[in-house]
Every structure is written in structure tokens, then in C-alpha cells.
Amino acid sequence: MFDYDLAELGLGDAARLIGELHRARVVAECRILELAAHWADLHSGPADAGARGTCGERERTVGGAGTPKVLEFAAAEFGALVETTTNGAWELIGDALDLRHRLPRLWSAVRSGRVRVWKARRIAHETRHLSQAAAGRVDAELDGLVNALSWTRLEAVLAAKIAEADPVGEEARAAAYEAERFVRAGRTSQHGLKLMVARAAAGDVIWFLATVARIAEILGVEGDQDSLDVLRSKAIGILSRPDRALELLRRHASPPPAEAAAEPDPEGDGHVSLASDAPHSVETRPAHPRVELVVHVAAETLARDGGPVRIEGVGPTVLGQVRSWLFGADCAISLRPVIDLSVDSVAVDAYEIPRSLRRVSQLRNPASVFPYSSAIARASGRGVDLDHTVPYLPPDRGGPPGQTNLGNLGPLSRSEHRLKTHSGWRVRQPEPGAFVWRSPSGHHWLTSACAGTFPLGSGALAAAIWHAISPSASELAA
């Protein structure tokens, strides 16, 4: 079926064959998962009476709530058949049962070949602690998103949906995870350097990294020419001697900036930027650098005083943790007004992108718009470049006004930006926030912040869509 001679494959044939082989692999993985669930059915029910006793075969539960029990010797042969350990076989059988009995939409998507098995199994594992009803709610919320998003982005969505499905349980689990913190050094040292690994509350990590960054900045101001990474490493050494760190911070203290007006969102949802500062004293301010947290909170979360929130640069967490970070620290808090996407997206004639327009674009598309990309913009704006979909043309060369506008911008990682600029990849933006990509071999994808990535293929319909979206239609001048 897949006989081929590499020497005779051109770009188009190679692309077609890659797609066919990938689909065959997806189908084979799906069939093995189906057989794992069927294997459990063949080994369900009470064991033979003669085998009972202290050494006889018993039943065991390998999936979450609502899955059937399986005889305990069932996985040994299955594992040998798929060339894995017995424990690995149990994991596969448990995931298959979870999908069939607790995540029916995802199970159907896997069986039809629309979702990769490894993604479905990860979701089954992450939701196993939920009740059957809560798992079903997560299943419904993820319907249509699993293969449209890269795993990095899907993992964040999954965490939020789990918290929404079981807010009380998630708050309790978050409190339990707080106890699983540590700081330790690596076992080996190289040329006088040693690795340090830490797991701490996200709020503490944010404060610590901000302090490290501030000391690194001061070292640069005082003439240290090392790279930023090396300066940060030196800052950790300075923090190990608190007297020197405090002296350095105080020497470079500056008066606190003016407070931003507190404008709480009347609807109780949307985007809230929390600029957190230390008490306004030159004596204490240097030890608490300025930190900005961008927190996205839904009205429902505030109404029930608990549930999921999303922090840029951190990901999904729960409201109780955010409250402890903000009000448990020795700091003052300033609320910035909520950004209005319709007001703060004014087009400009210049190539440079204003800060307000850049921020609105990041809120509309927080991740790269390249197909299946995992690049996510950090709160600082780093992590992605904001690219002009239709290349900017200076006015003295005939460029139209308002080229820098929300309908002609999209975030890309640096490597993706170079692909668009210097390779055969092409992109068009038929409407603000929706992007159609064409690869060098003629395959097409539709990407958007809401739907993720949707493959259009390389057939006549995809080509017609591409040609219908002429570059002129993408030039959405103000």
C-alpha cells in the first residue's frame, strides 16, 4: 500500500505520502485503544471459583468512577502483545475504559480518527480523580478543541475546565499541592557551577524572579558587561547575602510612581491588570520590585467566590491562590482599568505598533497564529513577534493609510516569523483574528484564537478558499 522509491518522490508526492502514513498510524492507534477496552470486557466478571482464595484472581478497578472492574491477571498478556510492561498495559486499559465510560465525546472522536490517542489518554489521566458527572462536563467543554490546539495550549484549557467542573475540589487540591514545595541542589557540579531546582508557589516565584531581574538590572547599570542570563545568576548569589542585596537595592531606590486610577470592571469579568507594589517608602520599596499580574476572571467565578482564573505567564489556577498571593504579601495593589477591545484598537499609519494596539492584539490572540503552534505571548510581550499579515509598505512607496491595525496583525514566534518572511509559507487574514495559511507544498490551514487550527487540505476547495481571500481583501485599513 505504501511502496515508494524515495529517489522518485517530489515535494507534492512526499507531502501526500506523509499525510497517508500519518492517517494509517492514527487508525492503528485507535484500533489498539478500542481493543484495550474490549480486552477488559473479555476479562470482566467474577473469576472462576477454583481460582479464588488468598492467591486467586481478584477484580480491580483501573479507571475512574463509573468504569467496570477487570480481573487482575488481564493485563499481563495484553502487555506482552503490545510489547510493554504489565503496568503499562493497565494504564492503557484504564485510559480506554475512562474514555468509553466517562468521556464519550472524546471516545467517539478517537474512534473516528479525529483525535490522537496520546492526547485522549492524557485527558483521561488528568480527569480520573473527577466524578463521572464532572468528567462528562469536561468532555463536553473540550469537544472540538482537542486536535485544534497544540498540547501546550490544550493543557491550559484542560486545567481550567477541570477547575470549572469541580471548583470546590480544585481549591482543596490546590491547597494540598502547596505542601509539595522544595528547593534542592543538583547532584553534580561542573567547573564551579551547580544546578538549583525549586518548586514554589507561583506568586513567590513571580516575586523572586522580579527581584532577581531588578538586581541584574542594577549590576548592568553599575557597569557589569555580562549577558542578562549571567547577571541574573549573579543576582542569586547576591540574594544569598541579604545585607548586600538590601544595600544594593536601597542605593538604586527611586520614588514610587503615581498610582493608577482604580476602575473596577462594572460587569465583573474581562481583563484586569493588577500592578502590585511595595509600601510607598524608599526604605522598604527597593526590596519589593514592581510586579504586574494580568488576571482574567469570569463573572461566575467572582459570584461564587471561587473557581478558575487565568494569569498570564502562569496559566490557569484558582481564585483562592490569587487572593493569597496578593493579600498575603507585604505589598500595595493598584487596579488598572479594563482594556476595551473596541476602543483601544485604533489603526495607525506608522510601521511601529503602539503599546495599546499591541496589548489589544495580545488579548485577542494570546498565542501564535501559526498552525498548531505552542508559542504563547508572555505578559511582558516577549515570546512572540507581532507580525504584519500584509507586509507594511511605506507611504512614500504607495502604502495606504492605517496599515498597522488589528485586522493586519498576528503574533508569531521568531522562527515562524522567519518562515513567513523568507520561505514558501504564506498567510492571509480574511477577517480580524482569522488566518489562512498555505505551505510550500500547497496544503492549507485555518487558525483562530477560538477554534485553534483546522486543516483545509490541498484539494480544489482549499485552493478556491485561498484564491478567494485575495491580499487586497486582507488589507483592512482604518
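This is a predicted model: local features need pLDDT of at least 70, side-chain atom pairs count only at pLDDT 80 or more; totals for chains, interfaces and linings use all residues.

1. Residues are numbered from 1 along each chain as its sequence is written, and side-chain values use heavy atoms, with hydrogens and water left out.

2. The secondary structure of the protein chain comes to 17 helices and 15 strands; helices (H or I, at least four residues) and strands (E, at least two) are DSSP runs, numbered from the N terminus. Of the 478 residues in the protein chain, 38% are buried, where buried means under 20% relative accessible area, exposed over 50% and partly exposed in between (1.4 Å probe, protein chains only). Among contacts (heavy atoms within 4.5 Å) between residues at least 6 apart in sequence, 59% join residues at least 24 apart.

3. The largest nonpolar core has 42 residues, and those with the most contacts inside it are Leu 33, Ile 93, Leu 99, Leu 106 and Ile 123. At least two residues of this core come from each of α1 (11-42), α2 (74-81), α3 (86-102), α4 (104-111), α5 (117-126), α6 (132-142) and α7 (151-165). A nonpolar core is here a set of buried Ala, Val, Leu, Ile, Met, Phe, Trp, Tyr and Cys residues joined through side-chain atoms within 4.5 Å. Not counting residues up to four places away in sequence, Leu 106 touches Leu 99, Val 115, Ala 120, Ile 123, Asp 139 and Val 146. A second, separate core of 13 residues includes Ala 201, Trp 207, Ala 210 and Leu 293.

4. How are α1 and α3 placed relative to each other? Their axes are 8 Å apart and the helices pack at an angle of about 90 degrees, and they are therefore roughly perpendicular. Axes are lines fitted to C-alpha atoms, for helices over the stretch in contact, with angles running from 0 to 180 degrees between N-to-C directions; angles under 35 degrees count as roughly parallel, over 145 as roughly antiparallel, 65 to 115 as roughly perpendicular and the rest as oblique. On the α1 side the contact is made by Ile 32, Leu 33, Ala 36, Ala 37, Trp 39, Ala 40 and Asp 41, and on the α3 side by Leu 92, Ile 93, Ala 96, Leu 97, Leu 99 and Arg 100. By class, these residues divide into eleven nonpolar, no polar and two charged, with Ala, Val, Leu, Ile, Met, Phe, Trp, Tyr, Cys and Pro counted as nonpolar, Asp, Glu, Lys and Arg as charged, and the others, Gly among them, as polar.

5. Helix α3 also packs on α5, at an angle of about 85 degrees and with the axes 9 Å apart. In this contact Glu 91, Leu 92, Asp 95, Asp 98 and Leu 99 of α3 meet Ala 120, Arg 121, Ala 124 and His 125 of α5, a set that divides into four nonpolar, one polar and four charged residues.

6. Asp 98, in helix α3, deserves a separate look. Its relative accessible area is 0%, so Asp 98 is buried. Leaving aside neighbours within four places in sequence, Asp 98 is in contact with Gly 63, Gly 64, Thr 67, Leu 103, Ala 124 and Arg 128.

7. Arg 214, Ile 215, Ile 218 and Leu 219 in α9 meet Ala 245, Leu 248 and Leu 249 in α11, and by class the contact has six nonpolar, no polar and one charged residues. Gly 220 lies in α9 (residues 202-221) and counts as partly exposed, at 33% relative accessibility.

8. Seven of the ten residues of helix α14 (residues 355-364) are buried, so α14 is largely enclosed by the rest of the structure. The buried residues are Leu 357, Arg 359, Val 360, Ser 361, Gln 362, Leu 363 and Arg 364.

9. Finally, please check two backbone angles. Glu 83, in the loop between α2 and α3, has a positive phi near 60 degrees without being a glycine, and is exposed, with a relative accessible area of 75%. Tyr 372, in the loop between α14 and β10 (385-388), likewise has a positive phi of about 60 degrees although it is not a glycine; Tyr 372 is partly exposed, at 37%.
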